[in-house]
Amino acid sequence: MSLINTHVKPFKAQAFKQGQFTEVSNEQMKGQWSVVFFYPADFTFVCPTELEDLAEHYAEFQKLGVEIYSVSTDTHFAHKAWHDTSEAIKKVNYTMVGDPTGVIARHFGVMIEEAGLADRGTFVIDPEGIIQIVEINAGGVGRDASELLRKVKAAQYVATHPNEVCPARWNEGQKTLAPSLDLVGKI
C-alpha cells in the first residue's frame, strides 16, 4: 500500500543534532515541510556521500522552510561518534535520528527485517504531516540532494497552486500545466 497522502505515524526517538542529543517526534514535523531520509547504516560507503550531499544543500532546504531528518537503525550515540570521526559527516547540521528498534523504519515501510537495516527511503512531508513524495532506492544506488530539492520545490508549488501541476524536469520559474479537457491528447 502506498504511503502517498497518508499521515506520518506517531513516533518518538533520540537524535543527534549540532553537538547535542535531542528527542524528536512526528509532532515536530507539523507546521513545516520535512524530508525524512532513511539510510542503511553509519560508518558505511554510500551513506556518507548521501548525507554529505544533503549537508551541502541544507541551507537551500532551510530557505524553503524544510527541515531534514536523516534516519538509520543506529543509535544517536553512533551518530555522534560518526559525526566526530568522519570529515563528510562533520558537515551535517540537520537532525540525525536513531531508530535502533526499527519502529520508524517500519512506519515508513523501509525496514529490511532480515538485516535490521533501513532501505534508502526518501519521504517529503507537508506541514500537515501528510506524505507527498516517496522514493526508495536499492542499497547500492545513492541519491542526489539537488534532485530532491527540485522535487520539494515542485511539491511546495503544487500545494500553493492547487489548479496547476509540474511537468517532468520542471524547475522553479518554469511553466506549469493547468489540467483541463483542452490538454488531453495535445501534450
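**Exercise 1. How many disulfides does the structure hold?**

Solution. This is a predicted model, in which local features need pLDDT of at least 70 and side-chain atom pairs count only at pLDDT 80 or more, while totals for chains, interfaces and linings use all residues. Residues are numbered from 1 along each chain as its sequence is written, and side-chain values use heavy atoms, with hydrogens and water left out.

Step 1. A disulfide is a covalent bond between the sulfur atoms of two cysteines. The criterion here is a pair of cysteine sulfur atoms within 2.5 Å.

Step 2. The number of disulfides is 0.

Step 3. Take Cys 47 and Cys 166 for accessibility. Buried means under 20% relative accessible area, exposed over 50%, and partly exposed in between (1.4 Å probe, protein chains only). Cys 47, at 1%, is buried; Cys 166, at 22%, is partly exposed.

**Exercise 2. Describe the sheet and the helices that pack on it.**

Solution. Step 1. Helices (H or I, at least four residues) and strands (E, at least two) are DSSP runs, numbered from the N terminus. Two strands pair if DSSP finds at least two bridges between them.

Step 2. An open sheet of mixed pairing is formed by 7 strands, in the order 2-1-5-4-3-8-9. Strand 2 (20–25) and strand 9 (131–137) each have a single partner strand, so one side of each lacks a neighbour in the sheet. From one strand to the next, the twist averages 25°.

Step 3. Strand 3 (residues 33–38) and strand 4 run parallel, joined by 6 bridges. Val 35 has Ile 68 of strand 4 as its bridge partner.

Step 4. Helix 2 touches strand 1 (12–17), strand 2, strand 4 and strand 5 (95–98), and its direction makes about 15° with that of strand 1. Axes are lines fitted to C-alpha atoms, for helices over the stretch in contact, with angles from 0 to 180 degrees between N-to-C directions. Helix 4 (residues 145–160) runs at about 145° to strand 3.

**Exercise 3. Is Thr 73 buried or exposed, and what does Thr 73 contact?**

Solution. Step 1. Thr 73 sits in the loop between strand 4 (66–72) and helix 2 (76–85).

Step 2. Its relative accessibility is 13%, so Thr 73 counts as buried.

Step 3. Contact means heavy atoms within 4.5 Å. Beyond neighbours within four places in sequence, the contacts of Thr 73 include Pro 40, Asp 99, Met 111 and Gly 116.

Step 4. A polar atom of the Thr 73 side chain lies 2.9 Å from the backbone oxygen of Gly 116.

How values were computed. A polar contact is a pair of N or O atoms within 3.5 Å; within protein, one must be able to donate a hydrogen and the other to accept it, and residues adjacent in sequence count only if both atoms are side-chain atoms.
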